[in-house]
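Please read the following note beside the sequence and the model.

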Amino acid sequence: QVQLVESGGGLVLPGGSLRLSCAASGGTFGSYDMGWFRQAIGKEREFVAGINWTGGRTRYAESVKGRFTIARDNAKNTVHLRMNSLKPEDTAVYYCAAEGGGSRWQLPSDRSGNYDYWGQGTQVTVSS
């Protein structure tokens with residue numbers, strides 16, 4: 001059983017930056033692919049970014065490519081999401097999720113149903 005705890009959310013001006021963190025415990029972090037998803041009010045949960053268990057393969061939603069960067073530190077059991085050039089449409093609750101990893105060359109999944117473990121979420125609000 002893996003426990004995930006997100007942190008780093010908050011209120012930021014348009015064009016600003018935030019760094020979300022997800023701390024994992026209770027499992028073998030280095031064997032899990034990790035993903036970030038978000039859910040805005042009245043919308044379905046959507047994929048944001050993912051990183052495979054090796055850290056060598058990443059995947060991004062088109063809406064965040066070039067602005068967000070996902071990274072992991074297997075020694076510290078953490079995964080981060082660096083968010084730059086934030087827009088009001090990035091406002092959402094951001095969730096960290098984990099799924100069992102596959103081959104080292106496999107991309108992380110962008111489907112929420114493939115993820116086994118979820119954090120409680122952290123609110124990100126982009127507003128002037």
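1. A disulfide, meaning a pair of cysteine sulfur atoms within 2.5 Å, joins Cys22 to Cys96, with an S to S distance of 2.1 Å. The link of Cys22 and Cys96 is left-handed, with -75° about the S-S bond. Cys22 belongs to strand E3 and Cys96 to strand E9, so that the pair links distant parts of the chain, 74 residues apart. Cys22 counts as buried at 0% relative accessibility, and Cys96 counts as buried at 0% as well, where buried means under 20% relative accessible area, exposed over 50% and partly exposed in between, with a 1.4 Å probe and protein chains only. By this rule for disulfides the count comes to 1.

2. A word on the basis: this is a predicted model, in which local features need pLDDT of at least 70 and side-chain atom pairs count only at pLDDT 80 or more, while totals for chains, interfaces and linings use all residues. Residues are numbered from 1 along each chain as its sequence is written, and side-chain values use heavy atoms, with hydrogens and water left out.

3. Strand E3 is also part of an open sheet of 4 strands, in the order E1-E3-E8-E7, with antiparallel pairing; strands here are DSSP runs of E, at least two residues long and numbered from the N terminus, and two of them pair if DSSP finds at least two bridges between them. Strand E1 (3-7) and strand E7 (68-73) stand at the edges, and because each has a single partner strand, one side of each is left without a neighbour in the sheet. Between strand E3 (residues 18-25) and strand E8 (residues 78-83), which run antiparallel, there are 6 bridges, and Leu18 has Met83 as its bridge partner in E8.

4. Which residues have the most contacts inside the largest nonpolar core? They are Leu4, Met34, Trp36, Val79, Leu81, Met83 and Tyr94, in a core of 33 residues, a nonpolar core being a set of buried Ala, Val, Leu, Ile, Met, Phe, Trp, Tyr and Cys residues joined through side-chain atoms within 4.5 Å. Two or more residues of this core come from each of E3, E4, strand E5 (46-51), E7, E8, E9 and strand E11 (122-126), and E9 gives the largest share, 5 residues. Leaving aside neighbours within four places in sequence, Val79 is in contact (heavy atoms within 4.5 Å) with residues including Leu20, Cys22, Met34, Trp36 and Cys96.

5. Charged side chains deserve a separate point. Arg38, Glu46, Arg67 and Asp90 are linked in a network of salt bridges, each defined as a side-chain nitrogen of Lys or Arg within 4 Å of a carboxyl oxygen of Asp or Glu. The side chains of Arg38 and Asp90 meet at 2.9 Å, N to O, and this pair links distant parts of the chain, with Arg38 in strand E4 (residues 32-39) and Asp90 in the loop between E8 and strand E9 (92-100), 52 residues apart. Asp90 also forms a salt bridge with Arg67, with the closest N and O atoms 2.7 Å apart; because Arg67 lies in the loop between strand E6 (58-60) and E7, and Asp90 in the loop between E8 and E9, the pair ties together parts that are 23 residues apart in sequence.

6. Glu46, whose closest N and O atoms with Arg38 are 2.6 Å apart, is partly exposed at 36%.
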